[in-house]
Amino acid sequence: MRFTEEAIVDTTIPDENVVRIAVDLACRAPSVHNSQPWQWTYADGQLDLYTERGRLLASTDPSGRQLVVSCGAALNHLETALTGLKWSVDIRRVPEGPHSGHLATIRFRHDARPQSHDFDLLAAIRHRYSDRRPFGPVSLKTPLPVALTDLARGMDVHLTVLGQDARPTLAKATELTAAARKYDSAYQAELHWWAGHSIPQGGIPADSLATAENRDRVDIGRRFPAGRDNDAGTAIDRSTVLVLSTETDGRGAWLRAGEALSAVLLEATVGGLATCPLTHTTELRQSREMIRGLLPDGGFPQALIRVGTTEKKSPPRQTPRRPVESVFSIGRRHSAR
């Protein structure tokens, strides 16, 4: 009797194609100026996340804090995607220490039992976008998701919902940041490189940026170049602002803040809310201290999120993403960046 040899499939680790799909979804995460500063390596059932230092915004983000926050958002997108694909993960964060570009090691368990809300979050990865136009207020019809604070706390991140009385301070911090950057030629060159025109593998195209009129109706946004997105349903921004902060201010805290940022954005998207992450007021020491003064427990503000409602006829154009082949490799390790 002859027996046919069949390949033995290891069901304890995901197929390479499953990991590729999850990484592709992870790379839909928001990143500073849509720079997408991440690299992923899969080998021997282990996925590793690294920073890509070549995409560091040297003038905007010299410490690399926003780069790591961006990678943290991608890490949470990855975990959300894998849950929908019925895989759980064990994550070891910053495994080689606080100065390494090796941000996470991910191992897998085939034991996830996704519920309907998990699939809603998975769909939100594709539907979410940053909307830089003015928002209407959250309301009883479209409220803030009640679980946001607990969701962030589970990631060792504090979420503060600012009241309207904080708006003048936020506007002042924005004005201070803009004034400090106005004659910074390196910053302005970097900003205009990444925003306002088409870059095939990143950046923010003009169709994703608000027109000058709509931009000026948002008193707490980064002053991007004027774009072509003029579809707004409100005359002045009436958004609610959330602040994500951490008790410490190192690379591990930045990564956690990015994970919380992703989780909050996806929950808000499922809830039908428009969102826009903000990091400009945490880039400079003085404006960051102003934001810190708004927090009841102090801490280090890492990112703000503008949340609200829209009556737009069409969403802004989604920003482009790098091909997954350029950020994902199989079967070899990257050295720490």
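Reader: Taking a salt bridge to be a side-chain nitrogen of Lys or Arg within 4 Å of a carboxyl oxygen of Asp or Glu, how many salt bridges does the structure hold?

Author: The structure holds 20 salt bridges. This is a predicted model, in which local features need pLDDT of at least 70 and side-chain atom pairs count only at pLDDT 80 or more, while totals for chains, interfaces and linings use all residues. Residues are numbered from 1 along each chain as its sequence is written, and side-chain values use heavy atoms, leaving out hydrogens and water.

Reader: OK, and which residue does the side chain of Glu-259 meet in a salt bridge?

Author: Glu-259 pairs with Arg-93, at 2.8 Å from N to O. The pair links distant parts of the chain, with Glu-259 in helix α8 and Arg-93 in strand β3 (residues 88-93), 166 residues apart; helices (H or I, at least four residues) and strands (E, at least two) are DSSP runs numbered from the N terminus.

Reader: Is Glu-259 buried or exposed?

Author: Glu-259 is buried, because its relative accessible area is 2%, and buried means under 20%, exposed over 50% and partly exposed in between, with a 1.4 Å probe and protein chains only. Arg-93 has a relative accessible area of 24%, so Arg-93 is partly exposed.

Reader: What about Glu-52, which residue does it form a salt bridge with?

Author: Glu-52 forms one with Arg-322, and their closest N and O atoms are 3.0 Å apart. Glu-52 lies in the loop between β2 and α2 and Arg-322 in the loop between β8 (300-308) and β9, so this pair ties together parts that are 270 residues apart in sequence. Both Glu-52 and Arg-322 are buried.

Reader: Switching topic, which side chain of opposite charge is nearest to Arg-132?

Author: That is Asp-131, 7.2 Å away, and Arg-132 is buried yet has no salt bridge; in this count Lys and Arg are positive and Asp and Glu negative, while His and the chain ends are not counted.

Reader: Which backbone oxygen lies 3.1 Å from a polar atom of the Arg-132 side chain?

Author: The backbone oxygen of Ser-208 does, and that of Ser-130 lies 3.5 Å from a polar atom of the Arg-132 side chain. Such a polar contact is a pair of N or O atoms within 3.5 Å, where within protein one must be able to donate a hydrogen and the other to accept it, and residues adjacent in sequence count only if both atoms are side-chain atoms.

Reader: And Glu-267, where is that found?

Author: Glu-267 is found in helix α8 (residues 251-270), and it is buried yet has no salt bridge, the nearest side chain of opposite charge being Arg-128 at 13 Å. Leaving aside neighbours within four places in sequence, Glu-267 is in contact (heavy atoms within 4.5 Å) with His-117, Leu-121, Pro-145, Leu-148 and Leu-151.
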